[in-house]
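Morning, everyone. I will walk through one structure today, so please have the sequence and the viewer open.

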Amino acid sequence: MAETFHDIVLHRPELARQYLHALQAQPGRPLSMFAPRQTGKTFFLMEELTPLATDAGYLVVYVDVWMNRNAPLEAINHGLEEMLDKLYVPSSEIGRLAKTEVKKIGVLGTSLELGSSPQRRPLPEQSGLRLDSLLRRTHADYRKKILLLLDEFQALGEADQTQGTNAVSALRAALQQHKAFVAAVFTGSSQDELGAMFAGAGAPMFQFVQAVSFPTLGEEWAVALQAHFRKVHRGKEPSLVDLLRLFSEVDYRPKVLKDIVIRMSADGVTDIDVGLTQYLTDDANIGVWKSQLDRLRHPIDRAMLHLLAQGMKPLTEETRQRLAQMLPSASRVTEGQARMSIDRLRKSGTISKSSGSYRFSDSMFRKFLLNEPWNRFPGSSITL
Ligand SMILES: Nc1ncnc2c1ncn2[C@@H]1O[C@H](COP(=O)(O)OP(=O)(O)OP(=O)(O)O)[C@@H](O)[C@H]1O
Ligand SMILES: [Mg+2]
């Protein structure tokens, strides 16, 4: 039983087993697992899949592609090289000697003269070839399978076009050629972006990956939080039905639900509507949402978000008229401009398209905007 709310985690070993099984059943075909922001993908890769695969004999390499989107292959290679470095450090001086060529043995066998450490052919500089060599060498040296976990994989679509396509082709070639000992999982939060990237890389990509679903944490998560609340408050607790409704309102983000429940517990409150209001008016959260808004460089994007929050459709005449009224210098807003704005908002991950309409990736951000007056000049204290 967890000591504090912070210690509560939900493990999903069965899901990890299913994934590993799917990888082993179809060698050469990576899994692609996409789910909305903040639903626990990275946690799952690190805390569930990595230990399970390691126990099953894989060497696991994790790479955040988004953080390295301008040099994705180099980042994968770097991950592999770091892993090799760790494996290569000999466990003892004997280990080091054993890896060093003996040049001369003294007459009585007492003096050993050692040559320089064994040198291998340098790895190719070109990143695609280097990936290939690294995978081969790792397998040849350690006789283990390699599992590449490529998180935020859709960011390859945001990399400069040729970089992204080159990386995808090199990966595809490596995974196909070494399917006997290399497996991969692609993870990300935008199916849209992934689709665009695969379309750019050509049709075979679609047949290449196995799409698997990544279920959100479900009732069990609410039950775990409720149980801890009950323990702390001697029997007093928010109802499960309420907690599940709250979980859906916060887009099944486990951390957000936990944060709200922690605050409710601190205040001794069991009414989730009070918890939700508290979350929406919390200074720290408001600060995050404000800076998210300030990061949008085009004023039209901010205005568009305000209107989307109110439930308006992005491209209609009415929306474009409202946009023109909201913006300082626009007498009218064309459909093309509205479309470009939507496109930027989608790329930034603020909104996503699902079944034909746009929705906020973070419903709490939408609720914040509903209460936020429109400000043409955010960050400026001058009111004109
Ligand atoms: N099974 C779990 N049990 C407890 N907490 C979890 C669990 N899964 C995720 N979390 C928490 O939820 C938060 C978001 O998780 P994580 O970063 O893995 O999500 P993500 O889907 O990778 O997000 P992003 O789309 O932003 O990359 C983290 O604070 C994490 O600790
Ligand atoms: Mg993540």
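Start at Gln38, which sits in the loop between β1 (31–34) and α2. Helices here are DSSP runs of H or I with at least four residues, strands are runs of E with at least two, and both are numbered from the N terminus. Before going further, the ground rules. This is a predicted model, so local features need pLDDT of at least 70, side-chain atom pairs count only at pLDDT 80 or more, and totals for chains, interfaces and linings use all residues. Residues are numbered from 1 along each chain as its sequence is written, chains are lettered from A and ligands numbered from 1 in the order in which they are written, and side-chain values use heavy atoms, with hydrogens and water left out.

Back to Gln38. Is Gln38 buried or partly exposed? Gln38 is partly exposed, at 44% relative accessible area. The cut-offs: buried is under 20%, exposed is over 50%, partly exposed is in between, with a 1.4 Å probe and protein chains only.

Now the ligand. An N or O atom in the side chain of Gln38 is 2.9 Å from an oxygen atom of ligand 1. Arg37 brings a polar side-chain atom to 2.7 Å from a ligand 1 oxygen. Phe43 uses its backbone instead: an N or O atom there lies 2.7 Å from an oxygen of ligand 1. Taken alone, ligand 1 exposes 640 Å², and the protein buries 83% of that. Those areas come from the Shrake-Rupley method with a 1.4 Å probe; for residues, only the protein chains shown count as cover.

Who is in the shell? There are 15 residues around ligand 1, and Leu10, Arg37, Lys41, Thr42 and Phe43 come nearest. Near means that a heavy atom of the residue lies within 4 Å. By class, the shell has seven nonpolar, four polar and four charged residues. Nonpolar covers Ala, Val, Leu, Ile, Met, Phe, Trp, Tyr, Cys and Pro; charged covers Asp, Glu, Lys and Arg; the others, Gly among them, are polar. Which element gives the most to this shell? That is α2, with three residues.

Next, the rings. The structure holds eight aromatic pairs. Rings of Phe, Tyr and Trp (its six-membered ring) pair if their centres lie within 6.5 Å; planes under 30 degrees apart are stacked, over 60 edge-to-face, the rest tilted. One of the pairs is Tyr19 with Phe44: edge-to-face, 5.2 Å centre to centre, 70 degrees between planes. This pair links distant parts of the chain, since Tyr19 is in helix α1 (residues 13–25) and Phe44 in helix α2 (residues 41–55), 25 residues apart. Tyr19 is buried, at 2% relative accessible area. Phe44 is buried too, at 1%.

A second pair is Tyr279 with Trp289. Their ring centres are 5.9 Å apart and their planes are at 75 degrees, so this pair is edge-to-face. Tyr279 belongs to helix α12 (residues 272–281) and Trp289 to helix α13 (residues 283–294), ten residues apart. Tyr279 is buried at 11%. Trp289 is buried at 3%.

The charged end of Arg12 sits over the ring of Phe214, 4.9 Å from its centre. Arg69 does likewise over Trp66, at 4.0 Å from the ring centre. "Over" requires CZ of Arg or NZ of Lys within 6 Å of the ring centre and within 35 degrees of the ring normal.

Last, the backbone. Glu152 has a positive phi of about 55 degrees, although it is not a glycine. Glu152 lies in the loop between β5 (145–151) and α6 (161–177), and is buried at 17%. Asp251 also has a positive phi, near 55 degrees. Asp251 is in the loop between α10 (240–249) and α11, and is buried at 12%.

One more stop, in β5. Leu150 lies in that strand and is buried, at 0% relative accessibility. Its C-alpha atom is 9.5 Å from that of Leu45, 105 residues apart along the chain.

Conventions
A polar contact is a pair of N or O atoms within 3.5 Å; within protein, one must be able to donate a hydrogen and the other to accept it, and residues adjacent in sequence count only if both atoms are side-chain atoms.
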